[in-house]
Amino acid sequence: MRIHSHEIYLNLHKQVDASRTLGYGEFKFLWDKIKKLVAVYKKHDVDKSGTIDSMELRNATGDAGFQLNNRLLDLIIARYADDKLQMELDDFITSLIRLEVMFRVFQILDNKEKTGSITLNLQQWLLLTIC
Ligand SMILES: [Ca+2]
């Protein structure tokens with residue numbers, strides 16, 4: 001696994017965590033999360049190609065706890081898959097960790113009234129989406 005998955009998580013994590021550090025508990029949480037995603041990836045690589053295609057991704061994301069519509073699944077494939085529309089393990093982990101962090105950020109910003117919508121200024125939008 002390349003370091004990229006860790007870096008993107010740490011960058012996103014720092015946007016959420018005011019301490020801007022990664023303690024042992026947070027590291028263990030990240031490590032456990034990665035181990036879980038590796039297991040999901042292996043389980044849903046049904047044809048044992050070593051990569052995840054769009055159909056396998058749909059089932060894998062569902063198993064990982066995400067109910068995503070077709071448009072979002074297509075966007076994940078477009079962003080993270082190769083030119084043959086296959087996702088390698090590192091890209092799978094990166095995309096799902098990013099997705100989870102984005103859900104978490106949304107829930108934090110929507111935590112007071114639980115309206116299902118949030119308001120961001122340009123700076124906040126850029127901070128959340130630049131990674
Ligand atoms: Ca496969």
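This is a chat about a predicted model of one protein.

Reader: What should I know before reading residue numbers and contacts off it?
Author: Residues are numbered from 1 along each chain as its sequence is written. The model is predicted, and local features need pLDDT of at least 70, side-chain atom pairs count only at pLDDT 80 or more, and totals for chains, interfaces and linings use all residues.

Reader: What is the average pLDDT?
Author: The protein averages 85, and 83% of the residues score at least 70. pLDDT is the predictor's confidence in each residue, from 0 to 100.

Reader: Which elements have the lowest and highest mean pLDDT?
Author: Helix 1 (residues 4–16) has the lowest, at 55, and helix 3 has the highest, at 95. Where pLDDT is low, the predicted coordinates should not be read in detail.

Reader: How many helices and strands are there?
Author: Six helices and zero strands. Helices (H or I, at least four residues) and strands (E, at least two) are DSSP runs, numbered from the N terminus.

Reader: How much of the protein is buried?
Author: Of its 131 residues, 19% count as buried. Buried means 20 or more other C-beta atoms within 10 Å of the residue's own, exposed means 12 or fewer, and partly exposed is in between; the C-beta atoms are placed from the backbone.

Reader: Which residues touch the most other members of the largest nonpolar core?
Author: Leu37, Tyr41, Ile52, Leu57, Met87 and Phe92, out of 15 residues in that core. Helix 2 (24–44), helix 3 (54–63), helix 4 (70–80) and helix 5 (89–109) each supply at least two residues of this core. Its largest share, four residues, comes from helix 5. A nonpolar core here is a set of buried Ala, Val, Leu, Ile, Met, Phe, Trp, Tyr and Cys residues joined through C-beta atoms within 7 Å.

Reader: What is Tyr41 in contact with?
Author: Ile52, Ala60, Leu89 and Phe92, leaving aside its neighbours within four places in sequence. Two residues are in contact if their C-beta atoms, placed from the backbone, lie within 7 Å.

Reader: Back to helix 5. Which of its residues are buried?
Author: Asp91, Phe92, Ile93, Thr94, Ser95, Leu96 and Ile97.

Reader: Why does Leu96 count as buried?
Author: Because Leu96 has 25 other C-beta atoms within 10 Å. Not counting residues up to four places away in sequence, Leu96 touches Leu37, Thr61 and Ala64. The C-alpha atoms of Leu96 and Thr61 are separated by 7.7 Å, though the two are 35 residues apart along the chain.

Reader: Now helix 3. Which residues are buried there?
Author: Glu56, Leu57, Ala60 and Thr61. Seen down the axis of helix 3, they fall within an arc of 130°, so they line one face. The arc is that of the directions from the helix axis to the C-beta atoms.

Reader: What covers them?
Author: The cover includes helix 2, helix 4 and helix 5.

Reader: And in helix 4, which residues are buried?
Author: Ile76, Ile77 and Tyr80. These lie within an arc of 95° seen down the axis of helix 4, so they also line one face of the helix. They pack against helix 3 and helix 5. Turned away from that buried side are the exposed residues Asn70, Arg71, Ala78 and Arg79.

Reader: Last one: what does UniProt put on residues 32–67?
Author: The unreviewed entry carries the annotation "domain: EF-hand" for that span. UniProt positions are given in the numbering used here, feature names are shortened, and annotations may be inferred rather than shown by experiment. In the model, residues 32–67 are 64% helix and 0% strand, with end C-alpha atoms 21 Å apart.
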